[in-house]
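Me: I am new to this structure and would like to go through some of its features slowly. Could you answer a few questions once it is on display?

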Amino acid sequence: MQSGSERSDSAGDEVIAVAPHRELKAFDGVTPGRGPELYRVRPLREALLDTYATDAHLVAYVVEGRETQPRILKRAWELVGAPVTVGVFFADVDAPDHGRWDFAFYDHLLTAFETLPILARAGLYLTMHGARVVQPLDRRISVGDVEPLIDAWLHALIDAGVHREGVAHVDLACRDWTRHFRAPHVQRRIRGQRRRVPYTSPRVDLSRMAPVAPPRPTASAPPRRPAPARPRPAPPSRAATAPGEVPSEWVDGVRVLGDACARVPDGRHDLYLALAGALIDKRAAPALLPALLGTIATRADDPNVRDRVKCGETTAERAAAGVVIKGYGTLRMRWPAIASALDVAAEWSDRPSPAAVGTLEGAEAALRAHLRAAPDGVTILAAECGLGKTHAFLEAAIERTQRRRREGAARAPLDSKTVLSVDKHSLAIQCFEQLQEADVPAQRLFSPASLKDASGDPVCRKHEVARALVAGGQAMRWELCEGRGLRPCEHLRGCAATRGFEGDEDARVVVGVHPQLAQLARAAGTTGLLGIDEPPPLPRSTTITTADLDLATAELARFDGIFAAALRPALGALWAWLRYCPSQEPVALRAALSAQRWGERDDDLAWARAATLRQSDDLAELAEATAHQERRRRGPPLKWEAVQVASGNPDSARRIGRASRVLETLRFALTTPGVVKLYATGDEAPAAVITHVDEPLRRALAREGRTVVLDANAETNLPLYERSLGYTPELLRFAAPDGAPIERTLLRCSKATRAGWRVEVDRFDAAGGSFRNALEAAIDWALERPAGAMAVITMKTIREVLEDCLLPDEELPRGRYDGRRGLLSAAREHLAPLLRRFPGAILWGHYGALRGLNDMADVDLLVTLGDPRPNVTATENDLALLDLDDDTARRRVEQLARAELEQAHGRLRAPRRARAARALHVGALRPGGSGWAGDVELRELKGGRPGVALRVHPVKVRALVERVGGPAAAARILGLSRRSVHRFMSGDRAIDPGKLATLRGAREAPSSAGAACDQNP
């Protein structure tokens, strides 16, 4: 192929390829039908000036002689069957830290564009985070030869002064000829939402754009040849064992891989070659390959085990020599079921060494012994779910109350008081009742607003007001119950909630919940034993939106004048930070706020200095001046009239409580001696997230005396405790075998996540094919054997919808589906029939609200739906508070998800079961715990949208709709509403084959400046 072809000196003749978005499968030259031809070849100037109805992206490469083309993998360009060439260079000029550009960036960029000779014949348009330079060429260049030329041009831009440290950054990654570039005028997605909003570039300047000769490459480079995989250096690896011996950590994984390979009828030689390379990708030592492949082949009843061993030996030799080998990519492409089995095997090989599994009696005895002999400082007891660690702690507490006081002493022994903090009120009530049944004087602390009567209704008559004020950090008992001694609540006499505790006042055993940890630690003193059962996360985050800041500013008059004046500059500084320089990377809060400037800054600081009598502009010093000495008051000081307004109006109470939360968060963040981080989340409407260490938990862990942390997932939290305490606390592990046979099954579903199932705070895609398939597969699994009761645990939003879709309207929780009846209707239509196939009772639960509960201990089946992964970015930013690296954060995401799954499956109370049970997880992760580290059946969920509707990719539907003139025109053609057409385009609804044929046969609408790029599926 020639390296280039001459053409006329006109930018109007240059072409590029436009796609509706960049998330399309690519042509690889191997898989038939892979890579739909959805990239439309368009003139350069027309493509850049058009306005698109999608998130359109451009690529510089074009398949010559075609009007439409596929996305192309770099290694497969020579297999397209026609020349693939580039006639335009693109360069990204990014703002610092890839944030939004500011005026310094704009001034530098426009000066460079107007004065630098290298940009004299270039085009330019601004993007959200920088700008893009467009340079057409006077000839087209083969993609095999183009990258050295692009690299030379990018370095020439840098040398000419386009790049300026701290102001503008030229992205050298643009040398990749397969790179996608967003068009200037598109529909962009808002992070965390399903809708898109129009984005128009504020400046597109193509007036001087004209072709130029490409630069000379800085160094000659031969054309890149297609390769099936990248060369692999010798991997890290775990220590190799003697050939023929499979190490213990791979035993379970080899069993899973053998069962999967047994289902492959032919082509096994290529399969084992790819599997060998994939094992190296998964960090298996090359010396282990012969043993692993031989054992896998034996497990699969392969007739040619010797050849499989030879595949391992050959692959190990090629990897050691750095020669290209097949690997995980080939395995995933050709044998996806084997790749999924390898994912599971690799997870199992990476698991930490489990606790020694002995007998239940031995584990219980060891747990009690360590509770009795807990030394000073922090001791972490990692007992698996079902061992009864909470029950063992209560038994130790009962034993401690039986210690006799010395003869003639007026008070109980110092070492006889025991305090337990648990994660929910229901578990605290369960512990309190257990102590009462043992005739032990006990006390349970609670927030007055949380107390409920026998029917489940709040005891407090002003429950809504109380919850709103308590959420804002206010002291409910002082403000509402006692009315500051001026106007007590009219219901105070005889109200059981106002005391804040039940039981004996002088009890030696006290139980409460984690939000009362500071009060519980004081109750334990320095001689008592403090137990923290399943502790809360050590990093604590609070999210504040611009609407919160506006509300807090508007409600400042409700607070004490000195406090309001002192905090007003902090509100303005945080608003300015969100408005002008939000950063998604964590920054020090005090420094970030102190550096802000806003219009009212001088006035705000003047009022703050006058109110606090501090001659300082330091926001932290001004906030410290608001410290109040009144012992009963906590939280921002409210004016008495504000308390009265809130007391009589729940809506006003919610506004005041919301403002109080913002002000208290800022006051604490500015005055606490600890590290406080600040970062922004969201693109279109950023919110500030303030992260700090949970101070009550940190103080409880660092208290003088004995503290025992009961944590089934202590391995996950240990690095956090070490960093907070400054030393490594003692960690003890306890495990026990299943009391009865439990059959465990992992049904792998890669889409079993919040994003894959489109789960949001108040809705999810109830009609989505992936979730319906997963639920149907779970019901099929449950019906394989007769069972009386089944427990289903999933994400909270899904749990509510699944549970409610089986109920009549009169039994639904009041107001839950206001404004979203369509969600319930879709669930009743698509999901309720699947659930009704199960003849027995169904118990429901959701992630995050399971610890310590025993109501599922007697079910025959337990099903968990979805992987409860926390937000990756939020986890990374939380751990940045403790100076832990991003790799630790990424590992922690999966660790937390596995830990939550272990808690969910722990509801079976496996060590104490008396009859057999079955457990199923639908997702991509293996639950934690020793039970799931053993014999687990692996199944693969088949994808697809169920039903008779035709499964067509939404991108193809959108292309058809745009070809006939847009949603309005398509709705007229089909005789449907535009809303139905939009549902077809988004994939929320499968399109009927007849309607699809009607669209395909419809006449193509003439192109217009406002239409999206025309795609032919």
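This is a predicted model: local features need pLDDT of at least 70, side-chain atom pairs count only at pLDDT 80 or more; totals for chains, interfaces and linings use all residues.

Me: Which residues form one aromatic cluster?
Reply: Aromatic pairs are counted by the distance between ring centres, and by this rule the count comes to 8. One aromatic cluster is formed by Trp757, Phe764 and Phe771.

Me: Is the pair of Phe559 and Phe563 stacked, tilted or edge-to-face?
Reply: Planes under 30 degrees apart would count as stacked and those over 60 as edge-to-face, with the rest taken as tilted. The ring centres of Phe559 and Phe563 are 6.3 Å apart and their planes stand at 40 degrees, so the pair is tilted.

Me: And what is the angle between the planes of Trp575 and Tyr580?
Reply: Trp575 is partly exposed at 33% relative accessibility, while Tyr580 is exposed at 52%. Their rings form an edge-to-face pair, 6.3 Å centre to centre, and the angle between the planes is 85 degrees.

Me: How many disulfides does a search of the whole structure find?
Reply: A disulfide requires two cysteine sulfur atoms within 2.5 Å. For Cys495, the closest cysteine sulfur belongs to Cys460 and is 6.0 Å away, which is too far for a bond. Across the whole structure, the number of disulfides found is 0.

Me: Which residue lies over the face of Phe113?
Reply: A charge counts as sitting over a ring if, for Arg, its CZ is within 6 Å of the ring centre and within 35 degrees of the ring normal. At 4.2 Å from the ring centre of Phe113, the residue lying over its face is Arg208.

Conventions
Residues are numbered from 1 along each chain as its sequence is written. Side-chain values use heavy atoms; hydrogens and water are left out. Rings of Phe, Tyr and Trp (its six-membered ring) pair if their centres lie within 6.5 Å; planes under 30 degrees apart count as stacked, over 60 as edge-to-face and the rest as tilted. Buried means under 20% relative accessible area, exposed over 50%, partly exposed in between (1.4 Å probe, protein chains only).
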